[in-house]
Amino acid sequence: MDQILVAFESEKTCHRVREILERSGTASCLICRSADQVRRWVNKQHLTAVVCGYKLADETAADVLEDLPPFCAMLVLAPQDRLNLLRGERLIPLPAPTSRSALLEGVERLLQMGREAEKSLSRRDREERELIERAKALLMARNAMTEEEAHHFLQKKSMDQGAKLVQVARRVLEPPGNA
């Protein structure tokens, strides 16, 4: 069974959507309520699908989608006037309120988008992602960082040095004295 992330401001909405998806056998669900948690879970669990509302506790769905890896797609369940503000090829808008069948159909499309995006990742993209994950693991072990702290460290170094994240990851992984 596919795994997706369900993210809404309302805990009640999270649980209701999860109940519909899991009882139908469509997907198993992880639940969160903030944009920061969405980013963390997508990267940590390598999730390809997120179902969420227009606004989470700390940001809008549009802001979150920009930060997600290219293999991750998003279904946004929101009133039509809010959906009109969203654009993106990795985004499926679903007007709220919606029926159970429309939700399940939308999630099936979402899962298919995620599978297709995952397949289209080049070997180089996968290798770079693995390199970044190894650098984070090293930082976590060497400096007693959390995964989030290690990721932020790499991002900050990348911005400060004007280098790509993968270049910074390579430098972190170089043995001392080879710099």
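Colleague: In what order do the five strands of the open sheet lie?

Modeller: The model is predicted, so read this as a computed fold. The pairing in the sheet is parallel. From one strand to the next the twist averages 20°. The order is β2-β1-β3-β4-β5.

Colleague: Which strands stand at the edges of the sheet?

Modeller: An edge strand here has a single partner strand, so one side is left without a neighbour in the sheet. That applies to β2 (27-32) and β5 (91-95).

Colleague: Which strands pair with β4, and over how many bridges?

Modeller: Strand β3 (residues 49-53) pairs with β4 in the parallel sense over five bridges. There, G53 has L77 as its bridge partner.

Colleague: Which element gives the most to the lining of the largest pocket?

Modeller: This pocket has a volume of about 720 Å³. Of the 24 residues that line it, N43, D67, P69, H151 and L165 are the closest to its centre. The elements giving two or more lining residues are α2 (35-45), α6 (123-143) and α7 (147-161). The most, six residues, come from α6.

Colleague: How many residues of that lining are charged?

Modeller: The lining of the largest pocket includes seven nonpolar residues and five polar ones. The charged count is twelve.

Colleague: Is L165 buried, partly exposed or exposed?

Modeller: L165 sits in helix α8 (residues 165-173). Beyond its neighbours within four places in sequence, L165 is in contact with I132, H151, L154, Q155 and S158. The cut-offs are under 20% for buried and over 50% for exposed. At 23% relative accessibility, L165 is therefore partly exposed.

Colleague: How many residues of the second largest pocket's lining are nonpolar?

Modeller: The second largest pocket has a volume of about 310 Å³. Its lining has 19 residues, and the closest to its centre are F8, T13, L77, A78 and A96. α1 (11-23) gives the most, with three residues. By class, the lining has four charged, five polar and, for nonpolar, ten.

Colleague: Which peptide bond is cis, with omega near 0°?

Modeller: Most peptide bonds are trans. P97 lies in the loop between β5 and α5. The cis bond runs from A96 to P97.

Colleague: What is the phi of H46, and what is that of A144?

Modeller: Most residues other than glycine have a negative phi. H46 is in the loop between α2 and β3, and A144 is in the loop between α6 and α7. H46 has a positive phi, near 55°. For A144, phi is also positive, near 55°.

Colleague: Is A144 buried or exposed?

Modeller: Exposed means over 50% relative accessible area. H46, at 29%, counts as partly exposed. A144 is at 69%, so A144 counts as exposed.

Definitions and conventions: Residues numbered from 1 in each chain as written. Predicted model: local features only at pLDDT ≥ 70, side-chain atom pairs only at ≥ 80, totals over all residues. Heavy atoms only, no water. Helix = DSSP H or I, 4+ residues; strand = E, 2+ residues; numbered from the N terminus. Buried < 20%, exposed > 50% of the residue type's maximum accessible area, 1.4 Å probe, protein only. Contact = heavy atoms within 4.5 Å. Pairing = 2+ DSSP bridges. Axes fitted to C-alpha atoms, helices over the stretch in contact; angles between N-to-C directions. 1 Å grid on protein atoms, 1.4 Å probe; cavity = no way out; pocket = protein on both sides within 12 Å on 5 of 7 lines; lining within 4 Å. Points joined across faces, edges and corners; volume = space filled by probe spheres on them. Nonpolar A, V, L, I, M, F, W, Y, C, P; charged D, E, K, R; others polar.
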